Amino acid sequence: ETQLRSLAAGLRGAGIAAVAVCFLHAYRNPAHERRAAEILAEELPGVPISLSHEVNPEPREYERTSTTVLDAYVKPVVDAYLTELSARLAARGIRR
């Protein structure tokens, strides 16, 4: 946990937009990924975190990891798009 907090400080300094967490066999026992997410959420407030056991809970490590990385990559882009879209719709009086 200490190493993860140290890593998070470095990531914060680098201005990262999202984090992907992919641990071996997390599809079977996600406890360590969940704990890593808790720590990262404390250390990197507001930064989206993608967990492999949530994104793709399958035993194939490569597929699970690549899918989780892609999820983390698109989260900030999609969030910015939806925020902008919501603001534009609200400005036009569209509430739904």
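This is a predicted model: local features need pLDDT of at least 70, side-chain atom pairs count only at pLDDT 80 or more; totals for chains, interfaces and linings use all residues.
Biologist: Let's start with the overall layout. How many helices and strands does the protein chain have, and what pattern do they follow?

Modeller: The protein chain has four helices and two strands.

Biologist: What share of the residues counts as buried?

Modeller: Buried residues make up 24% of the 96, where buried means under 20% relative accessible area. The protein chain exposes about 6800 Å², and carbon and sulfur atoms supply 57% of that.

Biologist: Why is Tyr 81 called exposed?

Modeller: The cut-off for exposed is over 50% relative accessible area. Tyr 81 has 52%, so it counts as exposed. You can find Tyr 81 in helix α4, which covers residues 61-91.

Biologist: And what makes Tyr 81 part of a nonpolar patch?

Modeller: Patch members need over 30% relative accessible area and no salt bridge, and nonpolar side chains are joined within 5 Å. Tyr 81 forms a surface patch with Tyr 73, Val 74, Val 78, Leu 82 and Leu 85. Together these residues have about 590 Å² of accessible area.

Biologist: Now for the charged residues. Why is the pair Arg 35 and Glu 1 called a salt bridge?

Modeller: The rule asks for a side-chain nitrogen of Lys or Arg within 4 Å of a carboxyl oxygen of Asp or Glu. The closest N and O atoms of Arg 35 and Glu 1 are 3.0 Å apart, so the pair passes the 4 Å limit.

Biologist: What does that pair tie together?

Modeller: Arg 35 lies in helix α2 (residues 31-43) and Glu 1 in the segment before α1, so the bridge ties together parts that are 34 residues apart in sequence.

Biologist: Are these two partners exposed or partly exposed?

Modeller: One of each! Glu 1 has a relative accessible area of 54%, so it is exposed. Arg 35 has 27%, which puts it between the 20% and 50% limits, so it is partly exposed.

Biologist: Which salt bridges does Arg 5 make?

Modeller: Arg 5 meets Glu 42 in a salt bridge of 3.0 Å, N to O. That pair links distant parts of the chain, with Glu 42 in helix α2 and Arg 5 in helix α1, 37 residues apart. Arg 5 also forms a salt bridge with Glu 43, where the closest N and O atoms are 2.8 Å apart. Here too distant parts are linked, as Glu 43 in helix α2 and Arg 5 in helix α1 are 38 residues apart.

Biologist: What makes these residues one network?

Modeller: Shared partners do: salt bridges join Arg 5, Arg 12, Glu 42 and Glu 43 into one network. A search of the whole structure finds ten salt bridges.

Biologist: Which residues does Glu 43 touch, leaving out those up to four places away in sequence?

Modeller: Glu 43 touches Arg 5, Ala 8 and Arg 12. Its side chain also makes a polar contact with the side chain of Arg 5 at 2.8 Å, and the limit for a polar contact is 3.5 Å.

How values were computed:
Residues are numbered from 1 along each chain as its sequence is written. Side-chain values use heavy atoms; hydrogens and water are left out. Patches are made of residues with over 30% relative accessible area and no salt bridge: like charges are joined within 9 Å, nonpolar side chains (Val, Leu, Ile, Met, Phe, Trp, Tyr) within 5 Å. Accessible areas come from the Shrake-Rupley method with a 1.4 Å probe; for residues, only the protein chains shown count as cover. Buried means under 20% relative accessible area, exposed over 50%, partly exposed in between (1.4 Å probe, protein chains only). A polar contact is a pair of N or O atoms within 3.5 Å; within protein, one must be able to donate a hydrogen and the other to accept it, and residues adjacent in sequence count only if both atoms are side-chain atoms. Contact means heavy atoms within 4.5 Å.
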